[in-house]
Amino acid sequence: MNVIICAKVIPASSVTIEIDPATKCMVRKGVPHELDPAAASALEEGLRLTEKFGGVVTIITMGINDVTIGIRNALAMGAANAIHILDDALAGSDALGTAKALAAAIRKEPFDLVICASESSDSYSGIVPGQLAQLLGLAPLTFAKEIAVDGKKITIKRQSESGYDVVEAELPALVTVTSGINEPRYPQLKGIMAAKKKEIKRYTAADLGLGPAEVGASGAKEKVLSVGRPRSRKAGEIITDEGDGGKQIADFLAELKII
């Protein structure tokens, strides 16, 4: 089984996220990076599947040069191959542009299964996996808390508010996993040393057959128009209970049309 992991490398958890007022984008250059913990869970699930059924795990990510450290970490965990989509022409890509780049890179690789995090830990949009499944013509199995494969059939337990749903599909397919699906392994010294020698394949937008009408700021269909701080909350109302506190609260909620 050949598994592809779409992994995002994000500013480290120790970094205070800042927004560039000129570009209205998150500042990513010049700050420490790490493999997104949500992506690490997706990678762990891919590694477990290949350890059980054979095959290899390939990690694909898109980003600036700084993300190499996260790619090396994924290789140290056990990924056999790594692909880095790296090109200034991709800067400013929206979710769809990102999905187009990832899909083009995936098409160059043999695969049975694509695994993504349900959403990244820096932007929390959760849009890219669905777009990616559509572009690749794959069945999307989302919010998996457990994965089982039997021959060409894949079954997941899909997390829901009331428990879980059982969802099945034929391979190849795309699965998004929840962060609680597993406990990602820590890279061992042997894996860390081996990761230093593994090649990271790099693609530009041109390598993927993508032009400015499809990716980058010029190809983006969604744009951030403004960025600002949320409005300050008004001070709360203090009610002194002198025997009618319940009525005062009820009147207050009724005024807000909550009850």
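This is a predicted model: local features need pLDDT of at least 70, side-chain atom pairs count only at pLDDT 80 or more; totals for chains, interfaces and linings use all residues.
1. Overall sheet. The model contains an open sheet of nine strands with mixed pairing, in the order β9-β8-β7-β10-β6-β1-β4-β5-β11. Its edge strands are β9 (163–170) and β11, each of which pairs on one side only. On average, and with direction ignored, neighbouring strands of this sheet are turned by 35° against each other.

2. Pairing of β10. In the strand order, β10 sits between β7 and β6. With β6 (residues 113–117), β10 pairs in the parallel sense over five bridges, and Leu-113 has Ala-173 of β10 as its bridge partner. With β7 (residues 139–150), the pairing of β10 is also in the parallel sense, over four bridges. Here Ala-139 stands opposite Ala-173 in β10. Burial of β10. How many of the residues of strand β10 (residues 173–177) are buried? Five of its five residues are, and the strand is mostly covered. The cover applies to both faces: Ala-173, Val-175 and Val-177 are buried on one side, and Leu-174 and Thr-176 on the other.

3. Pairing of β4 and β5. Strands β4 and β5 pair in the parallel sense over five bridges. Within this pair, Thr-58 stands opposite Asn-81 in β5.

4. Helix α1 on the sheet. Helix α1 (residues 37–53) packs on the sheet and touches β1, β4, β6, β7 and β10. The direction of α1 makes about 150° with that of β6.

5. Length of α3. Helix α3 (residues 95–106) has twelve residues. From its first C-alpha to its last it reaches 16 Å, close to the 16 Å expected at 1.5 Å a residue.

6. Burial of α3. Why can α3 be called largely enclosed by the rest of the structure? Nine of its twelve residues are buried, and that is the reason for the description. The buried residues are Ala-95, Gly-97, Ala-99, Ala-101, Leu-102, Ala-103, Ala-104, Ala-105 and Ile-106.

7. What covers α3. The elements over the buried residues of α3 include the strands β1 (3–6), β4 (57–62), β5 (81–85), β6 and β11 (200–203), together with helix α4 (128–136). Of these, β11 is an edge strand of the sheet.

Conventions: Residues are numbered from 1 along each chain as its sequence is written. Side-chain values use heavy atoms; hydrogens and water are left out. Buried means under 20% relative accessible area, exposed over 50%, partly exposed in between (1.4 Å probe, protein chains only). Helices (H or I, at least four residues) and strands (E, at least two) are DSSP runs, numbered from the N terminus. Two strands pair if DSSP finds at least two bridges between them. The expected span of a helix is 1.5 Å times one less than its number of residues. Contact means heavy atoms within 4.5 Å. Axes are lines fitted to C-alpha atoms, for helices over the stretch in contact, and angles run from 0 to 180 degrees between N-to-C directions.
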